[in-house]
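Hi there,

Here is the structure I promised to pass on to you. Have a look at it first, and then read my notes below.

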Amino acid sequence: MHEIKRSENIAENYRLLQATIKSHLADEKDLIANLANISAFIYHGLEGLNWAGFYLIKGGVLVLGPFVGKPACVRIPLDRGVCGKAAREGQVILVEDVHAFEGHIACDADSNSEIVLPIFKDGKVFGVLDIDSPVLGRFTEEDKLHLTSIAKDISDFLDGKYE
């Protein structure tokens, strides 16, 4: 069992979160179990979130994967929304105000800001890590830096680097 630890210091909190995720990835080989627990680690490890989870590319669309939060959109076309843009471009998308993002898909009306990070397998986008907050401007460049490192750990797991 992996315990969720928190610190008041943002960098230290992310260090603890990433260490927990790395340890979990090293111990468990099942993809769905890992994504489910990573969603929970992030949701409970960071302040001010209302959704954390994954969308995986299947048949040319993003399909809902493991998550923590309210029920969500099941399928997202790659040409729509923040998740679609992150998957299409293979880039992290940080949105301070989702209501100002053209083409935003409102799966949860309580969400006001969002960060979406691509997850890669064999150099191609496999899916995205989507994190939402009811707080406008919740995500910063520091969040982006640390979450990008976590997304890389997940990509490394998918590429077999944790076996």
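Helix 3 gives the most to the lining of the largest cavity, contributing three residues. Please keep in mind that this is a predicted model. The cavity itself has a volume of about 170 Å³. Its lining is made up of 16 residues, and those closest to the centre are Ile 105, Cys 107, Glu 114, Asp 130 and Asp 132. Besides helix 3 (81-89), strand 1 (51-58) and strand 6 (124-133) each give two or more residues to this lining. What classes of residue line the largest cavity? Nine are nonpolar, three are polar and four are charged. In total, the count comes to two cavities of 30 Å³ or more. If you wonder how such spaces are found, rolling a probe the size of a water molecule over the atoms shows where empty space is left.

Now for the overall plan. The protein has four helices and six strands, and along the sequence they follow the pattern α-α-β-β-β-α-β-β-β-α. The radius of gyration is 15 Å, close to the 15 Å that the globule rule gives for 163 residues, so the protein is as compact as a globular protein of that length. Its C-alpha atoms fill a box of roughly 40 × 40 × 25 Å along the principal axes.

In what order do the six strands lie? They form an open sheet in the order 3-2-1-6-5-4, with antiparallel pairing. Strand 3 (75-77) and strand 4 (93-95) stand at the edges with a single partner strand each, so one side of each has no neighbour in the sheet. On average, neighbouring strands are turned by 25° against each other, ignoring direction. As a reminder from your course, strands of a sheet pair through backbone hydrogen bonds, either parallel or antiparallel.

Finally, look at two of the helices. Helix 2 (residues 31-45) lies across strand 1, strand 2 (61-69) and strand 6, and runs at about 150° to strand 1. Helix 4 (residues 141-158) also packs on the sheet, where it touches strand 1, strand 4, strand 5 (113-121) and strand 6. The direction of helix 4 makes about 30° with that of strand 5.

Enjoy exploring!

Best wishes

Terms used: Residues are numbered from 1 along each chain as its sequence is written. This is a predicted model: local features need pLDDT of at least 70, side-chain atom pairs count only at pLDDT 80 or more; totals for chains, interfaces and linings use all residues. Side-chain values use heavy atoms; hydrogens and water are left out. On a 1 Å grid over the protein atoms alone, a cavity is a set of points where a 1.4 Å probe fits but cannot get out, and a pocket is an open set with protein on both sides within 12 Å along at least five of seven lines; lining residues have an atom within 4 Å of a point. Grid points are joined across faces, edges and corners, and a volume is the space filled by probe spheres set on the points. Ala, Val, Leu, Ile, Met, Phe, Trp, Tyr, Cys and Pro count as nonpolar, Asp, Glu, Lys and Arg as charged, and the others, Gly among them, as polar. Two strands pair if DSSP finds at least two bridges between them. Axes are lines fitted to C-alpha atoms, for helices over the stretch in contact, and angles run from 0 to 180 degrees between N-to-C directions. Contact means heavy atoms within 4.5 Å. The radius of gyration is taken over C-alpha atoms; the globule rule is 2.2 Å times the number of residues to the power 0.38.
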